[in-house]
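Subject: Structure handover

Hello,

Here is the structure I said I would pass on. My notes on it follow below.

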Amino acid sequence: ADMLARVRTLVQLKQSASRLLNAEIAMLRAQIKPHFLYNAINTIIWMSKRDIEQTRQLLRSLSDFLRGSFDFGDRESDSVVTMERELQLVKAYLSLEQARFGERLQVEYELETTDFLLPPLLIQPLVENAVRHGIMEKEEGGTIRIAVREFGADLEIEIADDGVGIPEEEIKRWSETSEISSRGRGTGIGLNNVNRRLIRQYGQALSIRRRPGGGTVVTMRLIRMGRRDQDEEM
């Protein structure tokens with residue numbers, strides 16, 4: 001009886017953790033702000049008077065972005081996705097922002113591998129944070145670099161920008177509490193939310209540091225997970 005009680009407790013804990021994880025993902029989905037959709041639609045309308053093919057591409061990007069943002073969390077199998085799927089979401093978001101900001105927003109990729117699984121919505125919120133609170137706060141704009149590096153069984157994902165950078169007091173706050181205040185780059189949903197999920201699933205927090213010459217570098221370490229056949233369909 002005592003063993004059965006322990007098993008029931010463990011099952012309940014697992015179910016509670018799963019519900020909490022889905023709630024975290026739902027919070028990230030909810031951060032799609034009305035002003036982003038408003039700006040994206042206005043950009044597409046503006047482009048429709050100039051370049052029909054580019055308009056079609058932007059409409060596809062908006063469709064991919066909305067699909068990628070709302071498809072997660074409905075099934076237990078969606079607790080992980082392929083890196084290609086996460087990158088599809090990131091590229092859809094960035095293509096809409098680049099159409100709006102033009103040459104002010106540049107993107108670079110350094111991908112040693114994309115053949116792995118990861119929890120959904122880990123990268124896109126960090127990229128959006130870098131665009132909104134780093135690059136676009138500089139008049140001349142700047143560049144975002146998305147890198148994936150292999151370290152044996154581990155993977156390192158890095159999102160770097162040469163934007164305005166996080167204030168020193170916020171870096172210190174992060175090192176002490178792993179939280180960014182509402183007065184800094186994050187607003188409680190972006191960096192903080194992703195960080196809580198990483199700690200819960202991998203036991204490692206995000207690393208955030210100032211970039212030499214200006215800007216911010218956000219790094220996460222993941223344990224490589226293999227691919228599954230059902231995740232091959234995007």
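This is a predicted model: local features need pLDDT of at least 70, side-chain atom pairs count only at pLDDT 80 or more; totals for chains, interfaces and linings use all residues.

Helix H7

In H7, the buried residues are Leu191, Asn192, Asn193, Val194, Asn195, Arg197, Leu198 and Tyr202. The helix runs over residues 191-202, which makes 12 residues. From its first C-alpha to its last, H7 reaches 16 Å, close to the 16 Å expected at 1.5 Å a residue. Just after H7 comes Gly203, with a positive phi of about 75°.

Leu206 is in contact with several residues of this stretch: leaving aside neighbours within four places in sequence, its contacts include Leu191, Val194, Asn195 and Leu198.

The chain as a whole

The chain has seven helices and seven strands. Along the sequence they follow the pattern α-α-α-β-α-β-β-α-β-β-α-α-β-β. The chain has 234 residues, and 45% of them count as buried. Its accessible surface comes to about 12100 Å², with 51% of that belonging to carbon and sulfur atoms. Among contacts with a separation of 6 or more, 73% are between residues 24 or more positions apart.

H4 has 19 residues, which should span 27 Å at 1.5 Å a residue; the end C-alpha atoms are 26 Å apart, which agrees. Gly102 follows H4 and has a positive phi, near 65°.

Aromatic rings and charges

There is one aromatic pair in the structure. It is formed by Phe65 and Tyr93, and it is tilted, with 6.0 Å centre to centre and 35° between the planes. Phe65 lies in helix H3 (residues 52-70) and Tyr93 in helix H4 (residues 83-101), so the pair ties together parts that are 28 residues apart in sequence. Both Phe65 and Tyr93 are buried.

Two further rings have a charged residue over the face. Lys91 lies over the face of Tyr109, at 5.2 Å from the ring centre. Arg221 lies over the face of Phe151, with 4.3 Å to the ring centre.

Two serines

Ser61 is in helix H3. With a relative accessibility of 12%, Ser61 counts as buried, because buried means under 20%. Not counting residues up to four places away in sequence, Ser61 touches Ala92, Ser95 and Leu96.

Ser79 is in the loop between H3 and strand E1 (81-82). Its relative accessibility is 30%, so Ser79 counts as partly exposed. Which residues does Ser79 touch, not counting those up to four places away in sequence? They are Pro119 and Pro120. Ser79 and Pro119 are 40 residues apart in sequence, but their C-alpha atoms are 5.8 Å apart in space.

Two loop positions

Leu121 lies in the loop between strand E3 (117-118) and H5. Although Leu121 is not a glycine, it has a positive phi of about 55°. At 2% relative accessibility, Leu121 counts as buried.

Gly141 is in the loop between helix H5 (124-135) and strand E4 (142-151). Gly141 has 3% relative accessibility and so counts as buried. Leaving aside neighbours within four places in sequence, Gly141 is in contact with Arg104 and Ile135. The C-alpha atoms of Gly141 and Leu105 are 5.8 Å apart in space, while the two residues are 36 apart in sequence.

Where to look

- the tilted pair of Phe65 and Tyr93
- Lys91 over the face of Tyr109, then Arg221 over the face of Phe151
- Leu121, with its positive phi

Regards

Technical notes. Residues are numbered from 1 along each chain as its sequence is written. Side-chain values use heavy atoms; hydrogens and water are left out. Rings of Phe, Tyr and Trp (its six-membered ring) pair if their centres lie within 6.5 Å; planes under 30 degrees apart count as stacked, over 60 as edge-to-face and the rest as tilted. Helices (H or I, at least four residues) and strands (E, at least two) are DSSP runs, numbered from the N terminus. Buried means under 20% relative accessible area, exposed over 50%, partly exposed in between (1.4 Å probe, protein chains only). A charge sits over a ring if NZ of Lys or CZ of Arg is within 6 Å of the ring centre and within 35 degrees of the ring normal. The expected span of a helix is 1.5 Å times one less than its number of residues. Contact means heavy atoms within 4.5 Å. Accessible areas come from the Shrake-Rupley method with a 1.4 Å probe; for residues, only the protein chains shown count as cover.
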